[in-house]
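Here's a quick briefing for anyone meeting this structure for the first time. Have a look at the sequence and the 3D view, then read on.

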Amino acid sequence: MTFQSLGLIEALLKAVRLQGYETPSPIQQKAIPPILEGLDVLASAQTGTGKTAGFTLPMLQILSKNPVPHRRPVRALVLTPTRELADQVFTNVKHYSKFLDLRAAVIFGGVNQNPQIKHLRNGVDVLVATPGRLLDLENQGHLSLSKVEIFVLDEADRMLDMGFKRDIDKIRSLIPSRRQNLMFSATFSREIKSLAQTILQRPTLVEATPENTTVEAIAQQIYRVAKEKKTNLLIKLIQDGQWQQVLVFTRTKHGANNLCKKLESARISAMAIHGNKSQGARTRALAGFK
Ligand code: AMP
């Protein structure tokens with residue numbers, strides 16, 4: 001299977017080659033053809049499967065097939081739950097649209113809105129956004145969603161977990177009812193299925209991984225350990241294994257800060273990232289991690 005055999009145009013094939021991709025991943029093989037046909041798609045796919053290219057490539061192809069309207073209204077809207085994911089998707093869009101006459105922008109909260117407004121004023125074909133800032137700017141009259149042709153919900157399960165249901169409903173009321181919808185989610189709870197029913201029309205189901213499973217390429221181990229020994233165990237594992245890049249999830253923001261301090265005292269450089277941190281601190285932590 002090649003990207004060419006999926007029906008992608010040369011400008012996209014060139015961009016994909018530039019990224020060094022040789023063959024389409026399973027989710028790309030399954031999602032790209034129906035999206036190119038203009039169908040609604042409901043896909044179960046986790047991060048790391050290549051899902052972003054799975055919806056971005058055909059989306060860009062559809063947009064590029066129609067002439068670019070004079071004032072470049074937003075024709076494709078991609079919603080993501082977090083600022084970091086929005087930025088990541090935006091970077092992908094930029095890479096893949098390198099040889100196309102399409103403009104993209106990303107908007108998210110926590111940073112000055114003025115540069116974002118300036119971008120919007122110049123006209124964008126593809127807008128990647130988190131729900132809150134999108135609604136803010138729409139409310140202030142800085143953007144219109146009345147010409148959206150393709151609506152993408154990325155990581156829909158996380159959107160619901162983060163309480164974005166009402167925002168999504170509001171955004172849905174601002175975009176045309178005739179449009180193509182794409183929804184990606186790693187898990188399929190009852191809530192996700194019901195959200196899918198309100199958004200998608202007779203969707204094609206695409207599954208790259210079995211329902212509700214974890215990524216196969218990751219080896220998993222469980223350590224049963226008393227609560228007060230958890231931090232010391234973590235420190236030992238990091239030191240013994242000489243781990244260079246470690247992502248630790250904690251239940252609470254406070255727990256993340258605490259753990260960070262303890263790691264630092266063990267001379268393991270660490271930074272916390274959570275909702276109480278400013279966007280600047282979050283960006284710095286991520287950049288340091290990368
Ligand atoms: P995603 O699941 O969209 O977050 O993508 C995970 C990573 O896989 C990203 O770094 C992509 O650049 C990369 N990727 C996407 N599609 C392919 C492909 N067909 N071949 C190799 N790498 C890919």
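Which residue follows α11, and is its phi positive or negative? That residue is R267, and its phi is positive, near 60 degrees. Keep in mind that this is a predicted model.

**The length of α11**
- Helix α11 takes in residues 253–265, which makes 13 residues.
- At 1.5 Å a residue, α11 should span 18 Å, and its end C-alpha atoms sit 19 Å apart, so the two figures agree.

**The two faces of α11**
- On the buried side of α11 you'll find A256, L259, C260 and L263.
- Part of the cover over the buried residues of α11 comes from α10 (230–241).

**A285 in α12**
- Helix α12 runs over residues 279–289, and A285 is found in it.
- A285 counts as buried because its relative accessibility is 9%, while the cut-off for buried is under 20%.
- Leaving aside residues up to four places away in sequence, A285 touches M271 and A272.
- A285 and E10 are 275 residues apart along the chain, and their C-alpha atoms are separated by 38 Å.

Technical notes:
Residues numbered from 1 in each chain as written. Predicted model: local features only at pLDDT ≥ 70, side-chain atom pairs only at ≥ 80, totals over all residues. Heavy atoms only, no water. Helix = DSSP H or I, 4+ residues; strand = E, 2+ residues; numbered from the N terminus. Expected span 1.5 Å × (residues − 1). Buried < 20%, exposed > 50% of the residue type's maximum accessible area, 1.4 Å probe, protein only. Contact = heavy atoms within 4.5 Å.
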